[in-house]
Amino acid sequence: MRKATAVTIRRAQAGDASTVRDLILALADHQNQADAVTVTDLEGMLSRPEIVYLIAERDGRPVGYVSWLERTSFWSGDEYLALDDLFVAESERGNGIGERLMHAAADAAKGKVIRWEVAEANVAAQRFYERIGARLVSKKICRWQPH
Ligand SMILES: CC(C)(COP(=O)(O)OP(=O)(O)OC[C@H]1O[C@@H](n2cnc3c(N)ncnc32)[C@H](O)[C@@H]1OP(=O)(O)O)[C@@H](O)C(=O)NCCC(=O)NCCS
């Protein structure tokens, strides 16, 4: 197993928009959903303080990312991190980069809860999440596009 020693993690800035787009497309492609990537203003999104996108780089080359939004619960009034995506390039998987990205999110959370979704069919990712200590609860996801 290759060690992830040369891998660094940093927050993406507006100037990273094209790198971020490539990484998002790589995940979408992995999920056969490349057509769903229609975002046009990544620069603007990366400038917003409540949107966080961390890039993992090996010797300056992007190899993965984790992204989230800061949200507040109406029930508790507590802030939490709504994780959006976690992705590690296929050739880099199994080196601990995914775990490092999740721990970077945990450090940034400063004690806040982190919540996210994982597809029922993605059993490998579910195993990974359970291994790092996450609790998995089944729920249905509703999508509504009102006219
Ligand atoms: C899930 C993912 C981020 C893990 O990243 P990673 O850097 O390989 O993770 P780590 O090296 O820290 O941990 C490896 C663990 O991930 C799990 N894993 C999940 N998918 C894997 C894959 N395709 N290849 C290798 N390991 C995978 C393995 O169970 C492994 O655990 P093990 O060592 O106990 O077998 C990565 O596999 C990935 O990007 N998968 C595709 C996208 C995805 O499913 N994202 C999550 C969406 S909710």
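Predicted model: local features only at pLDDT ≥ 70, side-chain atom pairs only at ≥ 80, totals over all residues.
**Around the ligand**

The ligand is surrounded by 19 residues. Arg 93, Gly 98, Glu 99, Ala 124 and Phe 128 are the closest. By type, the shell holds nine nonpolar, six polar and four charged residues. Helix H4 gives the most, with five residues. The elements in the table each supply at least two residues of this shell.

| Element | Residues |
|---|---|
| Helix H1 | 17-30 |
| Strand S4 | 79-88 |
| Helix H3 | 97-109 |
| Helix H4 | 123-132 |

**The nonpolar core**

The largest nonpolar core has 22 residues. Ala 56, Tyr 65, Val 66, Leu 101 and Ala 105 touch the most other members. H1, S2 (51-58), S3 (61-72), S4 and H3 each supply at least two residues of this core. S4 gives the largest share, five residues.

Take Val 66 as an example. Not counting residues up to four places away in sequence, Val 66 touches Leu 54, Leu 83, Asp 85, Leu 86, Leu 101, Met 102, Ala 104 and Ala 105.

**Helix H1**

H1 has 14 residues. From first C-alpha to last, H1 reaches 20 Å, close to the 20 Å expected at 1.5 Å a residue. Which residues of H1 are buried? They are Val 20, Leu 23 and Ile 24. Seen down the axis, the buried residues of H1 fall within an arc of 95 degrees, so they line one face of the helix. They pack against helix H2 (42-46), S2, S3 and S4. On the other side of H1, Ser 18, Asp 22 and Asp 29 are exposed. Just after H1, Asn 32 takes a positive phi of about 55 degrees.

Definitions and conventions. Residues numbered from 1 in each chain as written. Near = placed C-beta within 6 Å. Helix = DSSP H or I, 4+ residues; strand = E, 2+ residues; numbered from the N terminus. Nonpolar A, V, L, I, M, F, W, Y, C, P; charged D, E, K, R; others polar. Core = buried A, V, L, I, M, F, W, Y, C linked by C-beta atoms within 7 Å. Buried ≥ 20, exposed ≤ 12 C-beta atoms within 10 Å, placed from the backbone. Contact = placed C-beta atoms within 7 Å. Expected span 1.5 Å × (residues − 1). Arc of directions from axis to C-beta.
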